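Morning, everyone. Let me put the model on the screen, and then we'll walk through it.

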There are 2 protein chains.
Amino acid sequence: MDAYRLPAKLLKALAHPVRLRILNALREDEECVCHLTAVVHHRQAYVSQQLRFLRQAGILQDRKDGLRVYYRVKEPRVFDALEIVNALVGVKNEIAPHQVVAACPCPKCETGRE
Amino acid sequence: MDAYRLPAKLLKALAHPVRLRILNALREDEECVCHLTAVVHHRQAYVSQQLRFLRQAGILQDRKDGLRVYYRVKEPRVFDALEIVNALVGVKNEIAPHQVVAACPCPKCETGRE
DNA sequence: CCCATACATTCCTTTTTGTGAATATAATTT
DNA sequence: AAATTATATTCACAAAAAGGAATGTATGGG
């Protein structure tokens, strides 16, 4: 009967400030955990927890490459939904094109620093 | 700093099966509490709780008319967001054009029965 | 004024979620 | 193989949400 359980579950995964922030960092490209940790200003273990939450909700997908794990958004349409929500509450979050973070040792930040 | 708190709060209000069901009943028009209670198959007090939740989140608006209180969705754009979410999880909830409910004594259901 | 009806609120208990701390795993380097 | 680095998991506790039950309020009718 409940055609509402699944969407509710997805919405619940989205309904968290830190997770929204992570998703916003994944708007244009995949990122490694160390990068997300730096961007989001939380401990690595905590970020991993939220990433697992988003992964289990089917929102994120991960890819291993050596020591690093890269996360990406499975379905860009989530951003369409989030943009509507942002508009409804009068918020616009800018899409930063891969913020290079000093604390992040990943290749993408490395080349940005060169 | 947190441009993510507000959207997260709105999403949390949406992230609940019963509340989604209520919203779906409000797709095309306002409805009174007694009608929503009948449609949603929950106790009136419980429905009132969820309605308050949605009202406090700024999603619903109420209008008094005699004994009855009619609720309506403030911003139809929430349905756009919800439709994307539904599509993402592979659900489509049909828009029933004001289901006439036997248990509901409101004028809209009355005229439907005549 | 009393009663019935429609809706709201408050209180309480159970369950779920949030978050920190510590620890585990797995690939890489030396 | 040991150490290092990147990431994941587990445990414990606090905080919040879910939901039931009882009760409160307000409007309209007799």
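Start at DNA strand C. Helices here are DSSP runs of H or I with at least four residues, strands are runs of E with at least two, and both are numbered from the N terminus. H4(B) contributes the most to this surface, with 6 residues. In total, 22 residues lie around DNA strand C, and the nearest are Ala45(A), Gly66(A), Val33(B), Cys34(B) and Ala45(B). Near means that the C-beta atom, placed from the backbone, lies within 6 Å of the molecule or strand. By class, the surface near DNA strand C has 12 nonpolar, 6 polar and 4 charged residues. Nonpolar covers Ala, Val, Leu, Ile, Met, Phe, Trp, Tyr, Cys and Pro; charged covers Asp, Glu, Lys and Arg; the others, Gly among them, are polar.

Two housekeeping points. This is a predicted model: local features need pLDDT of at least 70, side-chain atom pairs count only at pLDDT 80 or more, and totals for chains, interfaces and linings use all residues. Residues are numbered from 1 along each chain as its sequence is written, while chains are lettered from A and ligands numbered from 1 in the order in which they are written.

Now DNA strand D. It has 20 residues around it, and the closest are Val33(A), Cys34(A), Ala45(A), Arg68(A) and Ala45(B). Which elements give two or more residues to that surface? From chain A, they are helix H3 (33-40), helix H4 (44-56) and strand E3 (68-73); from chain B, helix H4 (44-56). H4(A) has the largest share, 6 residues. The surface near DNA strand D splits into 12 nonpolar, 5 polar and 3 charged residues.

Stay with H3(A) and H4(A). Their axes come within 9 Å and cross at roughly 110°. Axes are lines fitted to C-alpha atoms, for helices over the stretch in contact, and angles run from 0 to 180 degrees between N-to-C directions. H3(A) and H4(A) are therefore roughly perpendicular to each other. The cut-offs: under 35 degrees is roughly parallel, over 145 roughly antiparallel, 65 to 115 roughly perpendicular, and the rest oblique. H3(A) makes the contact with Val33(A), Leu36(A), Thr37(A) and Val40(A), and H4(A) with Gln44(A), Val47(A), Ser48(A) and Leu51(A). Contact means C-beta atoms, placed from the backbone, within 7 Å. This H3(A)-H4(A) contact has 5 nonpolar, 3 polar and no charged residues.

Next, the sheets. In chain A, 3 strands form an open sheet in the order E1-E3-E2, with antiparallel pairing. Strand E1 (31-32) and strand E2 (60-65) of chain A are at the edges with a single partner strand each, so one side of each has no neighbour in the sheet. E1(A) and E3(A) pair antiparallel over 2 bridges. Pairing requires at least two bridges found by DSSP. Cys32(A) has Tyr70(A) as its bridge partner in E3(A). Chain B also has an open sheet of 3 strands, ordered E1-E3-E2 and antiparallel. There, Cys32(B) has Tyr70(B) as its bridge partner in E3(B).

How are the two chains related? Chain B superposes on chain A by a rotation of 180° with 0.0 Å of shift along its axis, at an RMSD of 0.0 Å. That is the relation of a two-fold axis. The superposition is by least squares on C-alpha atoms of residues with pLDDT of at least 70 in both copies. In chain B, Ala81(B) comes closest to the rotation axis, its C-alpha at 2.3 Å.

Last, the interface. Chain B gives 30 residues to the contact and chain A gives 30 residues. On the chain B side, helix H1 (5-14), helix H2 (17-25) and helix H5 (77-88) each supply at least two residues. H5(B) has the largest share of that side, 10 residues. That side of chain B counts 20 nonpolar, 3 polar and 7 charged residues. 100% of the interface residues of chain B are also interface residues in chain A, so the copies meet through the same surface.

One helix pair across it. Helix H5 (77-88) of chain A packs on H1(B) at about 110°, with the axes 9 Å apart. That makes H5(A) roughly perpendicular to H1(B). Leu82(A), Val85(A), Asn86(A) and Leu88(A) of H5(A) meet Pro7(B), Leu10(B) and Leu11(B) of H1(B). Those residues divide into 6 nonpolar, 1 polar and no charged.

Notes
Two residues are in contact if their C-beta atoms, placed from the backbone, lie within 7 Å.
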